[in-house]
Amino acid sequence: MATARGPAYLLTLGRWRRGLGIAPQSRALAALVPGVSQVDNKSDFLGKRAHRRHPGILQLSRVRLPQVLVDAAQLLLLESSMPNMEKQVQALTNYLWSRHLPVEPEELQRRAVHLEKKFLENADSCQMEKLCGEVLHALRRTTYHWQELSYNEGLSLVYMAARLDGGFAAVSRAFHEIQARLPEFQPQTLMDFGSGTGSVTWAAHSTWGQSLREYMCVDSSAAMLELAEKLLKGGSGSGMPYVPGVFFRQFLPVSPKVQFDVVVSAFSLSELPSKANHTDVVQTLWRKTGHFLILVENGTKAGHSLLMDARDLVLNGKEKSPLDPRPGFVFAPCPHELPCPQLTASKPLACSFSQAYHPIPFSWNKKPKEEKFSMVILARGSPEEANRWPRITQPVLKRPRHVHCHLCCPDGRMQHAVITARRHGRDLYRCARVSSWGDRLPVITPSELPPSPAQDPPES
């Protein structure tokens, strides 16, 4: 079950990039900087590729679930005969999407003190005895009441109908990021924390089925684990599973010697009741990570904020794994380890992405959909092992003879770039025009360019 450290795939990035025709940092790529009109675009960063397939393209076509999984989900729902399934699915979807993070006890205490002071300013002696009741009433009215969901057999089935396909799409996009940028990476073991209906297992099998030999699914709900196992067996409790090597358990492995090539937590950190729980789980998951830790949440401010806290926890953590002392860096989507510029903006926005998919064709669920999600992929190694190209953080706006791109740049700042062929060169302009939200633009800043050769001083 445990995995030893495999080949240093991240160390092969330089060889991989040269094999794709991507210029190493000893050659200048196109540079795009605010306020600079003349751009170095002379290097052949495309190689022999067409512009629509430039090395920053990470688009994943509309995702379709494996047909055996679709058939199993439809069979289980048909056999359940649950009433008002469509309404239950819609209610659960709305609840999960609008969910906020739980209020910490310290924050609750701070709000109570603030309300108490406010009431004291307007209270007379005869009202003092009512003060405590008024404070409690005001807290109940103004504070989000977070509740832990208990997934029994019925709610697990509703969750499957509501989230199996969208979760599969989001995780498939995260896996595709690694596969597209590191095609040599072939993981053998994977752990899924908060595995739910098993969408991570199916997505991982679709991506790395040739190399993966062990999938560890961890979920506190026995009903969820039973449902995930049924889906693997075509909707029944017997028979051979479609994906071999899948193991189920309700608790994380406690042994510090157990590591996995890929560790995933998809839409699970938001199910934890406190910040202390988040910290404990993220630290444990990172210790279990051999190569990549993939965290996915809803594409909301709450989901993005939760992922940024986890990101900072790993990057700033001093705890070393006994099996792998290498530090961590952000593989995706951030091209840096600096504070997220989306959170520090005057109007904070969620850094999110969108993945199109074909839903499971239930009677109410036949049109193609889009899954909006936030993700962060953390890798063991050094940031120098990955090329740091700006990430496109919003839909690209194509206009006559120019393109608008919103970029998260390696210097930790957001940039609204207006790219034209005349100012930035034909190659970069055409690359920007075929790029989409979530892609990377293959440019580097002047600080990353190699220094110019020193020139001899002129003779006097």
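**Close-up 1. Helices H2 and H6 pack at an angle of about 145°.** In this predicted model, the axes of the two helices lie 10 Å apart; axes are lines fitted to C-alpha atoms, for helices over the stretch in contact, and angles run from 0 to 180 degrees between N-to-C directions. The crossing is left-handed, a term used if the near helix is turned anticlockwise from the far one by less than a right angle. From H2, Leu-69, Ala-73, Leu-76, Leu-77 and Ser-80 meet Leu-157, Met-160, Ala-161 and Leu-164 of H6, where contact means heavy atoms within 4.5 Å. These residues of the H2 and H6 contact divide into eight nonpolar, one polar and no charged (Ala, Val, Leu, Ile, Met, Phe, Trp, Tyr, Cys and Pro count as nonpolar, Asp, Glu, Lys and Arg as charged, and the others, Gly among them, as polar).

**Close-up 2. Helix H2 spans residues 67-80.** Helices (H or I, at least four residues) and strands (E, at least two) are DSSP runs, numbered from the N terminus. With 14 residues, H2 reaches 20 Å from its first C-alpha to its last, close to the 20 Å expected at 1.5 Å a residue; the expected span is 1.5 Å times one less than the number of residues.

**Close-up 3. H2 has a buried side and an exposed face.** Leu-69, Val-70, Ala-72, Ala-73, Leu-76 and Leu-77 are buried. They sit on the same side of H2 because they cover an arc of only 165° around the axis, taken from the directions from the helix axis to the C-beta atoms. The face turned away from them carries exposed Leu-78 and Glu-79. Buried means under 20% relative accessible area, exposed over 50%, partly exposed in between (1.4 Å probe, protein chains only). The cover over the buried residues includes helices H3 (85-97), H6 (153-181), H7 (199-208) and H8 (222-232).

**Close-up 4. Phe-267 lies in the loop between strand S5 (260-266) and helix H9 (275-287).** Phe-267 counts as buried because its relative accessibility is 11%. Beyond its neighbours within four places in sequence, Phe-267 is in contact with Tyr-159, Arg-163, Gly-167, Ala-170, Val-296, Glu-297, Asn-298 and Glu-371. The C-alpha atoms of Phe-267 and Gly-303 are 8.6 Å apart, although 36 residues separate the two along the chain.

**Notes for all views.** Residues are numbered from 1 along each chain as its sequence is written. Local features need pLDDT of at least 70, side-chain atom pairs count only at pLDDT 80 or more, totals for chains, interfaces and linings use all residues, and side-chain values use heavy atoms, leaving out hydrogens and water.
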